[in-house]
Amino acid sequence: MPDEISPLEDVPRIPGALPLIPLRDAVPFPLMVMPLVVGRKKSIQVVDDVLVKDKMVVLVTQKDAEVEDPKPEDLYGVGVAAVILKMFRFPDGTTRILVQGMERVRTGKALHTDPYIVVEVFVESDKGDPQLPDVKALAGTVRNDFIKLLSFFPHIPEEIRVMAMNIEEPGRLADFIASNLNVAAADKQKTLEILDIQERLTHISKLLSHELQVADLGNRIQKEVQEKMSKGQREYLLREQLKAIQKELGEEEGKDVAVEELRKKLTAASLSEEAQKEAERELERIARMNPASPEYSVSITYLEWLSDLPWQKLTEDVPDVATARRILDRDHYDLQKPKERILEYIAVRKVSPENRGPILCFAGPPGVGKTSLGKSIANALGKNFFRISLGGIRDEAEIRGHRRTYVGALPGKIIQGVVRSGSRNPVFMLDEVDKIGMDFRGDPTSALLEVLDPEQNNSFVDHYLGVSFDLSQVLFIVTANRLDTIPPALRDRLEIIALPGYSDEEKIHIARRHIIPQQLKAHGLKKTHVKLSNKAVLALIRGYTRESGVRNLDREIASLCRKVAVRHAEGNKRPVTIDPGDLHDFLGPARIYPNTAERLTISGIATGLAWTPTGGEILFVEATSMPGKGRLILTGHLGNVMKESAQTGLSIVRNRAENWGIDPGVFAERDIHIHVPEGAIPKDGPSAGVVMVTALVSLFTGRRVKSDVAATGEITLRGKVMPVGGIKEKVLAAVRAGIKQVILPTHNKPDLEEIPREYLKNLKVSYAETIDDVIGQILQKNRAPRLTSRSTARSKPVKRR
């Protein structure tokens with residue numbers, strides 16, 4: 001049935017002409033929302049066209065529903081201007097739309113009929129005074145008759161009766177009742193065409209009178225049939241027979257025992273008042289069920305989930321800051337800032353236990369210790385720990401649960417996790433929140449909004465349970481690799497704690513303190529069996545792994561331990577010392593060849609710094625030119641932002657050509673090609689802007705770039721060098737590659753505080769506010785012959801500044 005809703009807050013103006021969608025056996029009314037199945041090609045074309053414009057159409061009923069391709073003369077002259085609220089496409093090719101009527105309209109001449117009908121429309125307003133006593137009295141009679149008619153049909157939603165009671169305007173009341181009557185389309189169309197309010201109500205009153213007579217007659221016939229067989233007698237006989245059969249089969253006794261045990265479990269669980277009422281209702285239903293019935297096992301499973309929930313079970317918090325600091329330092333190396341924030345969080349919990357605080361989100365590359373940090377927090381607080389992975393979840397029911405009407409329904413992952421944790425206040429880690437998907441089954445992140453909101457999660461309702469459960473005591477921790485894929489509404493509820501990647505030296509410490517002892521124990525080896533030098537660990541990091549974390553390093557060390565374990569199993573018990581040169585024998589040739597600083601022997605090549613999910617890297621930007629018409633060619637699998645940086649850089653070079661001693665005429669006569677090597681790897685971001693400008697200036701002036709200098713920074717059209725991210729990873733990459741000087745944006749100076757001083761001993765760090773600052777530091781003084789235009793070559797050379 002169509003629903004009557006309040007008028008749109010911003011009613012769009014109805015234009016003088018609208019595309020037309022013909023309806024079969026359906027009559028629209030103003031202010032009514034109704035679903036429509038659109039199958040005809042012309043109608044589908046109308047929907048596709050108006051959805052990109054104002055979403056407005058005119059809905060008109062066909063005179064003959066059998067006509068497949070109606071012409072204007074096959075349609076009634078009065079319809080409804082409507083707006084399309086939603087559109088759904090289904091695999092069978094059909095399209096379904098949800099429309100809301102706005103105004104009655106009279107259709108005029110057809111402006112055109114191909115590819116679909118577009119007609120003139122004229123808004124028709126109600127006539128007559130709705131405040132007249134006769135009109136009000138007639139409206140009251142019509143309303144009472146309609147509510148009386150609804151009483152004959154208990155399956156009709158209660159909302160229909162409520163809406164009819166609350167509509168005050170007589171004209172709208174007549175439209176609403178007409179849209180919900182099960183009468184012929186012609187009768188509904190007649191109602192739509194009547195503009196006088198009193199006349200329309202009179203027409204509706206006649207239709208209701210006829211429907212009441214039919215319904216009353218059907219009701220009397222049904223009562224007469226029921227009186228022929230007493231329902232009570234029939235149920236009594238069937239129940240007595242069922243009891244006798246169950247007694248013979250021995251099912252009744254077993255059923256009573258199972259129900260009684262379940263009742264005891266529910267009592268011991270100390271359910272909430274709401275849950276207790278629901279449990280009692282289910283127990284009463286089970287008492288009347290046959291154990292062989294499918295619904296019996298469904299109800300039993302439901303009650304078991306209710307009894308397993310830790311309604312009143314709480315673990316005692318032990319928010320001791322000194323203990324927490326000791327546990328964090330024991331389990332994790334470095335990560336000073338994340339540790340300090342976690343200790344602050346624990347300290348606040350100790351001072352103010354009722355303060356729930358924000359939801360912590362550990363963001364960083366894979367393998368840096370996000371999950372293990374969550375376990376350490378649970379250990380420090382003396383709480384149970386539970387983790388679920390949200391990666392790949394696309395169904396909202398995975399969070400909120402499935403309703404019990406579905407076969408095999410279960411609670412959502414949140415309730416399941418609370419049950420498995422065994423307490424109402426565990427540390428609950430939601431892993432990989434940035435990898436949640438979304439499709440036609442709903443948006444799981446929307447369900448998480450309630451879960452992670454301390455103001456709402458004290459009454460979280462899982463669809464399977466159907467009763468509220470208090471999640472306010474749960475300490476939720478979220479992890480993510482990327483922040484840009486987290487919806488803003490969800491991200492707003494999180495406090496982001498960044499976990500940067502480790503340097504090579506930090507990885508060596510982690511390998512010594514954690515990975516090597518764990519792998520030796522896991523493979524049944526002792527420290528005396530394997531000796532792995534620091535140089536070998538460093539060679540392992542640089543030649544066999546490429547990551548910000550230590551996950552792959554852990555795998556490679558495990559592989560080394562397996563090789564040694566094989567030797568021991570074969571009887572060779574001699575200690576094994578592994579140096580860098582031995583890695584080839586154990587693991588094969590090195591698989592990673594990191595970029596190192598190269599001697600730049602020609603102009604047009606510059607060294608930059610890049611951030612990647614696996615850490616920092618240096619990259620080379622190569623620029624060359626050839627005779628052409630001034631085109632810019634970009635290669636190297638560059639993203640849109642990086643392409644825009646190249647275009648901005650070229651504009652700066654052209655604008656400042658004379659300042660840098662570049663012939664301005666050369667840009668119109670030569671094509672420019674910029675390439676970033678390793679073309680199979682996607683690259684994006686603005687931080688290569690200054691390097692691209694440097695490569696272009698080097699190309700056109702003939703001045704080579706210093707081989708041991710690298711730069712990073714975003715460039716603007718005014719030549720300003722803007723700050724960028726990932727400074728720690730980039731600087732460490734420069735150190736590894738043998739770079740002697742890095743040029744950073746001036747505003748990135750505070751970022752160096754995150755880098756230990758010992759890593760900067762042999763590295764000169766300079767800063768730049770403008771591109772001129774970069775060019776002055778990075779280009780050599782000597783130059784090769786510069787590129788010139790043909791006109792310049794024929795005339796007197798331009799003086800170089």
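**Questions on a predicted model**

Me: Is asparagine 748 buried or exposed in this predicted model?
Reply: The residue sits in the loop between strand 25 (741-745) and strand 26 (764-768). Buried means under 20% relative accessible area, and asparagine 748 has a relative accessible area of 2%, so this asparagine counts as buried.

Me: With which side chain does the side chain of asparagine 748 make a polar contact?
Reply: Leaving aside residues up to four places away in sequence, asparagine 748 touches Pro723, Val724 and Ile727. The side-chain partner, at 2.7 Å, is aspartate 751.

Me: How far apart in space are leucine 540 and leucine 583, C-alpha to C-alpha?
Reply: Leucine 540 belongs to helix 19 (residues 534-544), and because its relative accessibility is 0% it counts as buried. Among the residues it touches, not counting those up to four places away in sequence, are Leu553, Ile557 and Leu583. Although 43 residues separate leucine 540 from leucine 583 in sequence, their C-alpha distance is 7.5 Å.

Me: Which residue is the bridge partner of histidine 112 in strand 7?
Reply: Strand 6 (residues 95-112) pairs with strand 7 in the antiparallel sense over five bridges, and these two strands form a hairpin with five residues between them. Strand 7 (residues 118-123) also pairs in the antiparallel sense with strand 2 (residues 17-23), over three bridges, where proline 19 stands opposite valine 118. For histidine 112, the bridge partner in strand 7 is likewise valine 118.

How values were computed: Residues numbered from 1 in each chain as written. Predicted model: local features only at pLDDT ≥ 70, side-chain atom pairs only at ≥ 80, totals over all residues. Heavy atoms only, no water. Pairing = 2+ DSSP bridges. Helix = DSSP H or I, 4+ residues; strand = E, 2+ residues; numbered from the N terminus. Buried < 20%, exposed > 50% of the residue type's maximum accessible area, 1.4 Å probe, protein only. Contact = heavy atoms within 4.5 Å. Polar contact = N/O pair within 3.5 Å; in protein donor to acceptor, adjacent residues only side chain to side chain.
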